[in-house]
Amino acid sequence: MTDAVTRRPFFTRPIGIRNLFRSATGLLAAGALAACAPTGNVSRGTINPSQPVQVALLLPQSANASDRLVAQNLENAARLAIADLQGVSIDLRVYDTAGSPTQASAMALRAADEGAKIILGPIHAQDANAAGSAVASRGINVLSFSNNSDIAGGNVFVLGQTFANSADRLMRFAAGQGRRDIVVVSDPDASGQVGRRAIETAAAANGIRVAGAESYELSQQGVTAAAPNIATTVRNTGASGVFFTAGTAGALPMLTQLLRDNGIDPNVTAFYGLTRWDVPASAVTTPSLQGGYFAVPDPAITAQFNARYAGAYGAAPHPLAALAYDGIAAIGAAVRSGRADPLGRASLTQPSGFVGANGVFRFTADGSNQRALAVAQLRDNRVEVVENAPRSFSGAGS
């Protein structure tokens, strides 16, 4: 499954947050990896309330240029969140993973030796898995920026928006529209198959039948060859919806155009996507994506965070930057809870969740997360929210 870093473009890769949210809320890749097994006192998260809470931020500062850019944005957002906290002092220390699992493991151990009470990051799933394994016996939890739920468990939590979360949100919306039969169209790689399984699970949970499942070779020729068969499956099954795992930088634009060319009308058979169809911004004007549905974090709250970040740093944040803000928000709220082990599993998985830069979210018992998402649709080359994101899990922490 993909992790939090954007996948490479299609055809180029081998086969209390103080004031930010008050007005809006009233509250303030890889293939499957073995999850870190809990060992020792993995749920213990004790702190000294008279001292700043030491948080280790693991980032690929010396990796490739793309990773370095994301790393800087994540660090900026974390520091922005620290400035917004009330009643909690954070001692943030940054460690360079160099985008390497071996280095991530070494830096996690170094952070633990230097007094870290919790680890925020790394970005990549393999690095997060290695870091979590390294400090599991120390009783230190890891809040990774990955969205790969395969690494979740034990002392590792994932902050990224997961396929399972997006699939369930969209499937509930589809069920509300009266869709009862769907076809799944998935990339053949590991990420696509994880997405397919997430869609199938969400469909079963929401009373929707998967009437067919199709895939294609990851090439222009492969997609072109597969499109007529996919269209035939949609017609023969009478499906009222098609769910895609591909992204805008991948096969999605070509797939949706070819399905239209083969007689599939998204006004009749709705198109849904597990990925963001508004990233990059230029994707919003893609003709074949018009009318399609996808899940997004609360746009109003996200806009406030983006404006706050731009005001502080002079540029819009990378889409992943909000994850670092969310991690600090969760840590701050957990510390303020007054629990004896505020950074332990019980505190981090509190049912009420937390308020972050993209709305409310909570960690689940299996180390994954649930985010309150909106459903958006591309209409006339712009993004329109057609169903709002919930604003709380019955009293989220802030």
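Guide: Contact here means that heavy atoms lie within 4.5 Å. The model under discussion is predicted.

Visitor: Leaving aside its neighbours within four places in sequence, with which residues is Asp96 in contact?

Guide: Asp96 belongs to strand β2, which covers residues 90–96. Once neighbours within four places in sequence are set aside, the contacts of Asp96 are Leu59, Pro60, Gln61, Ser62, Gln103 and Met107.

Visitor: How far apart in space are Asp96 and Pro60, C-alpha to C-alpha?

Guide: Pro60 is among the residues in contact with Asp96. In sequence the two are 36 residues apart. From C-alpha to C-alpha, the distance between Asp96 and Pro60 is 5.4 Å.

Visitor: Which side chain does a polar contact of 2.6 Å join to that of Asp96?

Guide: The side chain of Asp96 also reaches a backbone atom, the nitrogen of Ala98, at 2.8 Å. The polar contact of 2.6 Å, by contrast, is between two side chains, and the partner of Asp96 in it is Ser62.

Visitor: What secondary structure does the protein chain contain, and what percentage of its residues is buried?

Guide: The secondary structure consists of eleven helices and 15 strands. The chain exposes about 14700 Å², of which carbon and sulfur atoms supply 49%. Of the 398 residues in the protein chain, the buried share is 58%.

Visitor: Which residue of β5 is the bridge partner of Leu143?

Guide: Leu143 lies in strand β4, residues 141–144, and points the same way as Asn141, while Val142 and Ser144 point the other way; all are buried. Strand β4 runs parallel to β5 (residues 156–158), and three bridges join them. Within β5, the partner of Leu143 is Phe157.

Visitor: Against which elements do the buried residues of α4 pack?

Guide: Helix α4 is mostly covered, with nine of its eleven residues buried. Among them are Ala125, Asp127 and Val135. The elements against which the buried residues of α4 pack are β1 (53–59), α3 (101–113), β3, β4 and β5.

Visitor: Which strands are the edge strands of the seven-stranded open sheet?

Guide: The order of this sheet is β7-β6-β8-β9-β10-β14-β15, and the pairing is mixed. An edge strand pairs on one side only, and here the edge strands are β7 (209–214) and β15 (382–387).

Visitor: What angle does the direction of helix α6 make with that of β6?

Guide: Helix α6, residues 190–205, packs on the sheet and touches β6, β7 and β8. The angle between the direction of α6 and that of β6 is about 170°.

Visitor: At what angle to β14 does helix α5 run?

Guide: Helix α5, residues 163–176, lies across several strands, including β6 (181–185), β8 (241–244) and β9 (270–273). Strand β14 is also one of those strands, and the angle of α5 to β14 is about 70°.

How values were computed
Residues numbered from 1 in each chain as written. Predicted model: local features only at pLDDT ≥ 70, side-chain atom pairs only at ≥ 80, totals over all residues. Heavy atoms only, no water. Helix = DSSP H or I, 4+ residues; strand = E, 2+ residues; numbered from the N terminus. Buried < 20%, exposed > 50% of the residue type's maximum accessible area, 1.4 Å probe, protein only. Areas by Shrake-Rupley, 256 points an atom, 1.4 Å probe, with all protein chains shown as cover. Pairing = 2+ DSSP bridges. Axes fitted to C-alpha atoms, helices over the stretch in contact; angles between N-to-C directions. Polar contact = N/O pair within 3.5 Å; in protein donor to acceptor, adjacent residues only side chain to side chain.
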